[in-house]
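Hi everyone, thanks for making time.

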Amino acid sequence: MFANSLTTQTSDPQDTAKIAMRLGQLLSSGDVILLSGDIGTGKTHFARHLIQSLQTVPEDVPSPSFTLVQTYQTQSGEIWHADLYRISTPGEIEELGLSDAFETSICLIEWPDRMGDAVPSDALFLHFDLGEDESARQTTFKWNPDHWAKILKIAAE
């Protein structure tokens with residue numbers, strides 16, 4: 001399904017946050033990032049630091065587990081942070097307005113497996129796994145468009 005992949009290892013939450021902040025600086029409207037992994041592997045931690053890196057004055061970024069979607073105005077445009085864990089059908093994606101946001105905003109989507117066929121083909125997919133020790137993580141990035149290869153090369157520097 002994906003033509004390209006890259007796996008990174010981080011030793012602690014601060015390393016994961018650094019990757020998120022570097023990536024955030026390279027995003028623009030229309031970029032969609034899909035965050036998957038078991039509960040507690042770092043999806044929200046990653047999203048929180050990415051969002052805060054784009055805010056003029058970093059604010060609290062809560063998990064959207066109960067609200068389903070949180071939006072933020074940033075220097076790079078609007079960011080939609082969605083947690084689809086409680087979504088039961090892909091049709092609910094349309095009700096949330098995510099389809100329109102995919103084209104006009106930066107979107108961070110947790111639990112993208114709930115989206116069915118609504119997953120944008122040009123999205124960047126991140127999968128988080130626990131690492132060898134308690135605070136370590138392994139993150140696998142997968143993508144198709146060349147757009148992401150250029151961004152990830154810069155973010156990894």
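**A walk through the chain**

Let's start with Asp38, which is exposed, at a relative accessible area of 59%. Exposed here means over 50% relative accessible area, buried means under 20%, and partly exposed is in between, using a 1.4 Å probe and protein chains only. Before I go on, two quick notes on where this comes from. This is a predicted model, so local features need pLDDT of at least 70 and side-chain atom pairs count only at pLDDT 80 or more, while totals for chains, interfaces and linings use all residues. Residues are numbered from 1 along each chain as its sequence is written, and side-chain values use heavy atoms, with hydrogens and water left out.

Back to Asp38. You'll find Asp38 in the loop between β2 and α2. Helices (H or I, at least four residues) and strands (E, at least two) are DSSP runs, numbered from the N terminus. What does Asp38 contact, leaving aside neighbours within four places in sequence? Those partners are Lys43, Trp111 and Phe128, where contact means heavy atoms within 4.5 Å. Asp38 and Met1 are 37 residues apart in sequence, and their C-alpha atoms are 21 Å apart in space.

Trp111 sits in the loop between β5 and β6. Trp111 counts as buried, with 15% relative accessibility. Its phi is positive, about 65°, although Trp111 is not a glycine. Leu68 also has a positive phi, near 75°, and is a residue other than glycine. Leu68 belongs to the loop between α2 and β3, the strand at 69–74. Is Leu68 buried or exposed? Leu68 is buried, with a relative accessible area of 15%.

**Zooming out**

Okay, the whole chain now. How many helices and strands are there? The chain has five helices and seven strands, and if you read along the sequence you get β-α-β-α-β-β-α-α-β-β-β-α. The radius of gyration is 14 Å, close to the 15 Å that the globule rule gives for 157 residues, so the chain is as compact as a globular protein of that length. That radius is taken over C-alpha atoms, and the rule is 2.2 Å times the number of residues to the power 0.38. Along its principal axes, the C-alpha trace spans about 40 × 35 × 30 Å.

Of the 157 residues, 45% are buried. Take the contacts with a separation of 6 or more: 62% of them are between residues 24 or more positions apart.

**Into the core**

A nonpolar core, by the way, is a set of buried Ala, Val, Leu, Ile, Met, Phe, Trp, Tyr and Cys residues joined through side-chain atoms within 4.5 Å. The largest one has 24 residues, and Leu23, Ile33, Phe46, Leu50 and Leu124 touch the most other members. Elements that give two or more residues to this core are α1 (13–24), β2 (32–37), α2 (43–54), β5 (106–110), β6 (124–130), β7 (137–143) and α5 (146–156). The largest share, five residues, comes from α2.

Click on Leu23 if you like. Apart from neighbours within four places in sequence, Leu23 is in contact with Ile33, Phe46, Leu50, Leu124, Ile151, Leu152 and Ala155.

**Two last residues**

Thr16 is in helix α1, and Thr16 is buried, with a relative accessible area of 4%. Setting aside neighbours within four places in sequence, Thr16 is in contact with Thr10, His45, Phe46 and Arg137. Thr16 and Gly42 are 26 residues apart along the chain, and their C-alpha atoms are separated by 8.2 Å.

Finally, Glu78, in strand β4 (residues 77–83). Glu78 is partly exposed, at a relative accessible area of 25%. Not counting residues up to four places away in sequence, Glu78 touches Thr71, Tyr72, Gln73, Ser105 and Ile106. From Glu78 to Asp12, 66 residues apart along the chain, the C-alpha atoms are separated by 29 Å.
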